[in-house]
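Subject: Structure handover

Dear colleague,

Please find the sequence and the structure below. My notes on what was found follow.

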Amino acid sequence: MSRKIIDTKLAFRRLCLMLCDMAVIIASSALGLLLRYDFAFSKVDMRFVESLWNYLPINIICTLLIFYILKLYHSVWRFAGIVEMQNVTAACIMSTLIQFAGLHIMEYPVPRSYHFLYGGMLFFLTLGTRFAYRFIRYVRRRSNKNSEIRRIMIIGGGDAANVIIKEIRTSEHIHNTVVKCIIDDDPAKQNTYIQGVKVVGTREDIIETASLYNINEI
């Protein structure tokens, strides 16, 4: 029974994401053409509008299929990283190329620069909708502070620190916790940042830094 509920929730989320992508495809088509004319709709040749409108159903179906094949509906986006960004990039390039070929084959005229503008808008809007989820979760976590904040200092500015910071920010089981600073003995890492958290000193600065940042957990 629980498995069925989980599958239903996943199917609902994928459906919502597909509907969102349909809106993104429509918006990308419109914005790509408007950008070509500096958002002056009165200057847009209506032949181009008719071309994009007539081809739109094909473009939506092809793009959604590409997104599905490249697993854009299977990723857990709150843990998204480089692989997911590569998949989005590849999907948008493929969608742009297929639309270019389809419009050419069906002899629908559009400005030559439209294809680059459409591909760029599709990329940024697709990424934006995916990573907006992470941003909303972050804002909600920052606003729901019902208890004292745990101020964390991390010793060591390597891969483990990167993983710990990401886990603290994305985990559903860690609340009211914020990483304030990082300590590392490597001189090359001083005053650099890991996911926005600054490396502020070496082990000799631990006591002074803990007092400065009101650290209550290391």
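I begin with a helix pair: α2 and α3 cross in the right-handed sense (left-handed would be the near helix turned anticlockwise from the far one by less than a right angle, right-handed clockwise). Helices here are DSSP runs of H or I with at least four residues, strands are E runs of at least two, and both are numbered from the N terminus. Helix α2 covers residues 46-69 and helix α3 residues 82-105; they pack at about 145°, with 10 Å between their axes. Axes are lines fitted to C-alpha atoms, for helices over the stretch in contact, and angles run from 0 to 180 degrees between N-to-C directions.

On the α2 side, the contact is made by S51, L52, Y55, N59, C62, T63, I66 and F67, and on the α3 side by A91, M94, S95, I98, Q99, G102 and L103. Contact means heavy atoms within 4.5 Å. These residues divide into 9 nonpolar, 6 polar and no charged. In that count Ala, Val, Leu, Ile, Met, Phe, Trp, Tyr, Cys and Pro are nonpolar, Asp, Glu, Lys and Arg are charged, and the others, Gly among them, are polar.

The source of all this is a predicted model, in which local features need pLDDT of at least 70 and side-chain atom pairs count only at pLDDT 80 or more, while totals for chains, interfaces and linings use all residues. Residues are numbered from 1 along each chain as its sequence is written, and side-chain values use heavy atoms, with hydrogens and water left out.

Overall layout

The protein has 6 helices and 4 strands, and from the N terminus on its elements run α-α-α-α-β-α-β-β-β-α. Of its 218 residues, 33% count as buried, where buried means under 20% relative accessible area, exposed over 50% and partly exposed in between (1.4 Å probe, protein chains only). Among contacts between residues at least 6 apart in sequence, 71% join residues at least 24 apart.

Helices

The 24 residues of α3 should span 34 Å at 1.5 Å a residue, and its end C-alpha atoms are 35 Å apart, which agrees. The expected span is 1.5 Å times one less than the number of residues. Buried in α3 are E84, V88, A91, C92, S95, T96, Q99, G102 and L103. After α3 comes E107, with a positive phi near 60°.

T126 belongs to helix α4 (residues 114-143) and counts as buried because its relative accessibility is 0%. Apart from neighbours within four places in sequence, T126 is in contact with V24, F67, L72, V88 and C92. L33 is part of helix α1 (residues 2-36) and is also buried, at a relative accessible area of 6%. Residues up to four places away not counted, L33 touches V44, F48, V49, L52, P111 and Y114.

Sheet

The 4 strands form an open sheet with mixed pairing, in the order β1-β2-β4-β3. Strands count as paired if DSSP finds at least two bridges between them. β1 (150-155) and β3 (193-194) are at the edges with a single partner strand each, so one side of each has no neighbour in the sheet.

- β1 and β2 are parallel, over 6 bridges; R151 stands opposite V178 in β2.
- β2 and β4 are also parallel, over 2 bridges; I183 stands opposite G201 in β4.
- β3 and β4 (residues 197-201) run antiparallel and are joined by 2 bridges; Y193 is opposite K198, and I194 has V197 as its bridge partner.

The β3 and β4 strands form a hairpin with 2 residues between them, and Q195 in the turn has a positive phi of about 50°. β2 is mostly covered, with 5 of its 7 residues buried.

A161, I165, I168 and T170 of α5 are buried.

Regards
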